[in-house]
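User: I would like to go through the terms used for this model and see what each one rests on. Please set each value against its cut-off before you conclude.

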Amino acid sequence: MALLQILLFWCCCCFFINISYSQTDTIFQGQNLRVGEKLESANKEFRLEFFSLDANKTHYIGIFYNLPSNMTLFSDDSRPVWVANRDNPIPYASGNNLTLDDEGKLKIIYGSDSSIILSSYNATARNASATLFDNGNFVLVELNTNGSVNKTLWQSFEHPTDTLLPGMKIGRNRITGENWSLTSWRSEDEPALGSFTIGIDSTDQLTIWWEGRVHWMSGRWRNGAFSNVSRISHYDYVNLSFVSTDDERYVTYTVSGTQTLSKYTIDSFGLIKERGAAGPFGVCFYKPSPGCVTEESIECPTRNTSWFERMQSSVSGNRFRFENNDMSLFDCKRECEKNCSCGAFASITVTGTGCEIWSNVSILSSQDQDVFIPIGGNRSSSNVPRTISLPPDLSPAPSPDEMPMSPDSSQKTSIKWWIWLIAAVGLTILIGLSSLYYLLRGKGKATATASLLLNQRVNIAKWRKTESQDVQLYSFQSLAIATDNFSLGNKLGEGGFGPVYKGELPDGQEVAIKRLSTSSGQGLLEFKNEILLIAKLQHTNLVRLLGYCTQGEERILVYEYMHNKSLDFFLFDTNKKELLNWDTRFKIIEGVAQGLLYLHKYSRLTVIHRDLKASNILLDSDMNPKISDFGMARIFGRQESEANTKRIVGTHGYMSPEYALRGIVSTKTDVFSFGVLLLEIVSGKKSNSCYDSEHPLNLIGLAWELWREERALELIDVTLIESCSRNEVMRCIHVGLLCVQDYAKDRPSMSNVVSMLTNDTRQPPPPPERPGFFIERGDQRAQISEEVERYSINGLSISELKAR
């Protein structure tokens, strides 16, 4: 009897413990998920939680198979199938949390006041919730008052990382232009974007790209299969489909029966892996699958470049370290393969990224560092433990009869190696001296082209990173065909550095093509800056760079096409401005603010645009704004807040006083420009026009005087009087005047600007102080003298506003 009572007592305890520890699959508005907590799907198939890969230094949020550690069948079962902030790890802290805020936005909150917005839905949503489903999809929805779903706002399946789950898509939306693709991790311990991407190309083939170059193609879909894929899975329960409609074209797959734990992953070596095994297609090493694209290789008489030994050792020799720490181990391997003098290579960081290579290698001793030695390479050997590595480490081991001849067994081979080395060094010196000679001869077009080619070779790692973001290199002939030989009928307008044309690529995609004129102010520096910068920036309110051309003397940029041209096309046209009602203008204001906030705070680089103006705000078919023209942008380090520059570039009427006249550039430079732009959008007036017949009163001065006289609503564009919200207009004017205050320290950050615009502040904004470049009507002469004395400087490079 006593034993029965004890058993009943423990059963009751377990019952109540389970109740108190019950998990949920949903976050509701105002709730958050803390470190150590998790969401579990209804049938406990998947979980979402914070995790770390680097000994608790940084935090990510990921979705995992919800399997106990002692029940995982395969090593990759414990790996996340989706990572929310793969390119934006946050500092490890117990106070980090995932929040669904009052506007219906999913945010990762960390530090004192920092956040990363995960959901790309721009509008405010009420009664929102985010649920993790049993298929692994994390879905944000807006609910009706009765609890039913009103609309889906965002879902993780539309933002895949490196893993495809049943029901997910790889393909594109032909209406919105959105692409669904998988991109490998940079290494096994770093989820950031890697070198390989798999998606659907313009011919509807499943394609693997390595740094933008085709690596493997599936062939066309015929009779229920891709022509180069004889077998899609090791398992019979996997069913692949290719779907083509007027709106979408994509590949997806389903599983039959009760099999739910199925996935495909692209790894950092471009291998397609099925759960627990290498995939049966897309393998381009050792015995390549059908569809592999053969790359031009360098014949090295001293080694077979297909196989490498992995050794835990210390290496001595002539070392070269690449500047780009984002290189994967596969990228490093390819750099070694292209260099016949390479005798060893290794990663730099503890997460397996970065690259250093050695020539004239001697292996000294056993160590913990993994060093990869080409079989047949020139090196001094020693008794160091070694293994032949298979992917994902490197490549398959050759059979004994396939082993290349050892260098020690052939004195002739060794002599040939030295001949190649001397020739390569001599040729390199000759090219360098020749390039230097031509660079010093003059500043003509040929010099700029030679300089560009030289820079491409020296900074190859940066250009390769550009290509990894799907930025294509186009030939001049293809772009001439796309624009009907750059005809006037295809000309969209004249940008700051040259004409912009509408073009159509062979696959039917419409693009905007900016052909830089040789007489423009944008030189080689700005051109390369724009390519390298935009390729690293990804935000819905930034224009997307698709490719470039550097053929001969031509420098051309290819962008996504914006159907509604630029903001100034509507805003300053008497008839067209009526198409911009208040809701549209406020959406543009919010979008530009979000884009600037991303540049200043949330991108991997802190970017100062320096030329924000109405003509650089492009509008898509839905009038969503996208910031463009990054040729003048300035990149800051994470610890930098401001800098001085002798080369001042920008547009009259948008530049802050401290930048235009003293060369001080900071994020507050862009804040000033945003304030001017905001006042232009509200008023429909140009910033640098005069609004008083007797006094030099610009738009900033007009807004300031109306504000002080409590007549700010008179600034509103007359076409908005019927459609606008007076409170929102007053808030915009207030924020605009705060942004254009004379002293940079008084201006708000873009984080505060976004909060004030969305009314996400508990306290009212502070009253604005005197704006920059404002002249009092009553003391015009004295004020002009004061401004000139305070800000006088020479050497400005300021462009004037002109209509497109």
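User: What makes the rings of W582 and F586 a pair, and of which kind?

Analyst: Rings of Phe, Tyr and Trp (its six-membered ring) pair if their centres lie within 6.5 Å, and planes under 30 degrees apart count as stacked, over 60 as edge-to-face and the rest as tilted. The centres of W582 and F586 are 5.9 Å apart and their planes stand at 35°, so this pair is tilted. Both residues lie in helix α9, four residues apart, which is about one turn of the helix; helices (H or I, at least four residues) and strands (E, at least two) are DSSP runs, numbered from the N terminus. The structure holds 23 aromatic pairs, and one aromatic cluster is formed by F196, W210, F269 and F330.

User: How do you know that a charge sits over the ring of W210?

Analyst: The criterion asks that NZ of Lys or CZ of Arg be within 6 Å of the ring centre and within 35 degrees of the ring normal. The charged end of R334 sits over the ring of W210, 4.9 Å from its centre, and R79 lies over the face of W185, at 3.9 Å from the ring centre.

User: What makes a set of residues a nonpolar core, and which residues have the most contacts inside the largest one?

Analyst: A nonpolar core is a set of buried Ala, Val, Leu, Ile, Met, Phe, Trp, Tyr and Cys residues joined through side-chain atoms within 4.5 Å. The largest has 142 residues, and those with the most contacts inside it are L98, F138, L567 and F674. Helix α9 (residues 582-602) gives the most to this core, with eleven residues. A second, separate core of 14 residues includes F476, Y501, L505 and I513.

User: Which residues is F138 in contact with, beyond its neighbours within four places in sequence?

Analyst: Contact means heavy atoms within 4.5 Å, and the partners of F138 include L39, L48, I63, L98 and W154.

User: What makes the phi of D204 and of D629 worth a remark?

Analyst: Most residues other than glycine have a negative phi. D204 is not a glycine, yet has a positive phi of about 65°, and D629 likewise has a positive phi of about 65° without being a glycine. D204 is placed in the loop between β18 (190-200) and β19 (206-210), while D629 is in the loop between β41 (625-627) and β42 (634-636). With a relative accessible area of 11%, D204 is buried, and D629, at 11% relative accessibility, counts as buried as well.

User: How do you know where confidence is lowest and where it is highest?

Analyst: The value to read is pLDDT, the predictor's confidence in each residue, from 0 to 100. Confidence is lowest in helix α4 (residues 445-458), at a mean of 32, and highest in strand β6 (residues 82-83), at 97. The chain has a mean pLDDT of 78, with 74% of its residues at 70 or more. Over residues 6-22 pLDDT stays under 50, and the model has zero contacts there beyond four places in sequence.

User: What conventions lie behind these values?

Analyst: Residues are numbered from 1 along each chain as its sequence is written, and side-chain values use heavy atoms, with hydrogens and water left out. As this is a predicted model, local features need pLDDT of at least 70 and side-chain atom pairs count only at pLDDT 80 or more, whereas totals for chains, interfaces and linings use all residues.

Key:
Buried means under 20% relative accessible area, exposed over 50%, partly exposed in between (1.4 Å probe, protein chains only).
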